[in-house]
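User: Can you walk me through this model? I'd like the contacts, the core and the pocket.

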Amino acid sequence: EVFAHLSKNASIISEARPGIAGVTRIATSEVNSVLEGFALPTIQVVKSRTTNVRNMYTGQDEDVEFYPAGRVVFLADGVGNFYYGPNPESETFEPGLVVRAVDEMRPKRSIIEGYAAGFPIIEVPSLILHADVLGA
């Protein structure tokens, strides 16, 4: 929704195609080119904005919106890192990735399994900016 407005914005169109009149919409690559020209990050459109969860009080399944329509988020380099947690598949519960390969004979095949546990950590919250730019 936000991107659709950007691709039709007169100021962005005039930056992308200077001196060309009558243009009413530009392509994704042109919007991103204009943003890059002003040292802004390119747009990544989030299409999946809801998830289905079970309400622990009622037992009912509910769709929950975790990323509202019309929201823009800017993340700078260095905002955080991904850290591995204790891996229950490791014999010593050491953090990291455990990869196992098993060869089967009938039918002949190799099975490779990988296991990891971890999560992203926001270390510098001031490098995150979010704004709701379109009204409901």
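**Contacts, pocket, core and backbone**

Analyst: Starting with Val 73: leaving out residues up to four places away in sequence, Val 73 touches Tyr 67, Ile 128, Leu 129 and His 130. Keep in mind that this is a predicted model.

User: Which element is Val 73 in?

Analyst: Val 73 sits in strand 3, which spans 71–75.

User: How far is Val 73 from Leu 6?

Analyst: Their C-alpha atoms are separated by 15 Å. Along the chain, Val 73 and Leu 6 are 67 residues apart.

User: Pocket next. What volume does the largest pocket have?

Analyst: The largest pocket holds about 630 Å³ of space.

User: Which lining residues are closest to its centre?

Analyst: Gln 44, Val 46, Tyr 67, Arg 71 and Val 73, out of 22 lining residues.

User: Which elements give two or more residues to that lining?

Analyst: Helix 1 (2–7) and strand 3 (71–75) do. Strand 3 supplies the largest share, with five residues.

User: How does the lining divide into nonpolar, polar and charged?

Analyst: There are 16 nonpolar residues, three polar and three charged.

User: On to the core. Which residues make up the largest nonpolar core?

Analyst: Eight residues: Phe 3, Ile 12, Ile 13, Val 23, Ile 26, Val 31, Val 34 and Leu 35.

User: And which elements give two or more residues to it?

Analyst: Helix 2 (10–16) and helix 3 (28–37). Helix 3 gives the largest share, three residues.

User: Take Ile 13. What is Ile 13 in contact with, beyond its neighbours within four places in sequence?

Analyst: Ser 7, Lys 8, Val 23, Thr 24, Arg 25 and Ile 26. Among these, Val 23 and Ile 26 also belong to the core.

User: Aromatics now. How many aromatic pairs does a search of the whole structure find?

Analyst: One. The partners are Phe 82 and Tyr 84, with ring centres 5.4 Å apart.

User: Why is that pair edge-to-face?

Analyst: The ring planes of Phe 82 and Tyr 84 stand at 90°. Planes over 60 degrees apart count as edge-to-face, so this pair qualifies.

User: What are the relative accessibilities of those two?

Analyst: Phe 82 has a relative accessible area of 47%, so Phe 82 is partly exposed. Tyr 84 is at 43% and also counts as partly exposed.

User: Backbone check. Where is the cis peptide bond?

Analyst: Between Arg 106 and Pro 107, with omega about -15°. Pro 107 is in the loop between strand 5 (98–104) and strand 6 (109–115).

User: Which residues other than glycine have a positive phi?

Analyst: Ala 39 is one of them, with phi near 60°. Phe 93 is another, at about 60°.

User: Where do Ala 39 and Phe 93 lie?

Analyst: Both are in loops. Ala 39 lies between helix 3 and strand 1 (50–54). Phe 93 lies between strand 4 (80–84) and strand 5.

User: Ala 39: buried or exposed?

Analyst: Exposed. Ala 39 has a relative accessible area of 70%, and the cut-off for exposed is over 50%.

How values were computed. Residues are numbered from 1 along each chain as its sequence is written. This is a predicted model: local features need pLDDT of at least 70, side-chain atom pairs count only at pLDDT 80 or more; totals for chains, interfaces and linings use all residues. Side-chain values use heavy atoms; hydrogens and water are left out. A nonpolar core is a set of buried Ala, Val, Leu, Ile, Met, Phe, Trp, Tyr and Cys residues joined through side-chain atoms within 4.5 Å. Buried means under 20% relative accessible area, exposed over 50%, partly exposed in between (1.4 Å probe, protein chains only). Helices (H or I, at least four residues) and strands (E, at least two) are DSSP runs, numbered from the N terminus. Contact means heavy atoms within 4.5 Å. Rings of Phe, Tyr and Trp (its six-membered ring) pair if their centres lie within 6.5 Å; planes under 30 degrees apart count as stacked, over 60 as edge-to-face and the rest as tilted. On a 1 Å grid over the protein atoms alone, a cavity is a set of points where a 1.4 Å probe fits but cannot get out, and a pocket is an open set with protein on both sides within 12 Å along at least five of seven lines; lining residues have an atom within 4 Å of a point. Grid points are joined across faces, edges and corners, and a volume is the space filled by probe spheres set on the points. Ala, Val, Leu, Ile, Met, Phe, Trp, Tyr, Cys and Pro count as nonpolar, Asp, Glu, Lys and Arg as charged, and the others, Gly among them, as polar.
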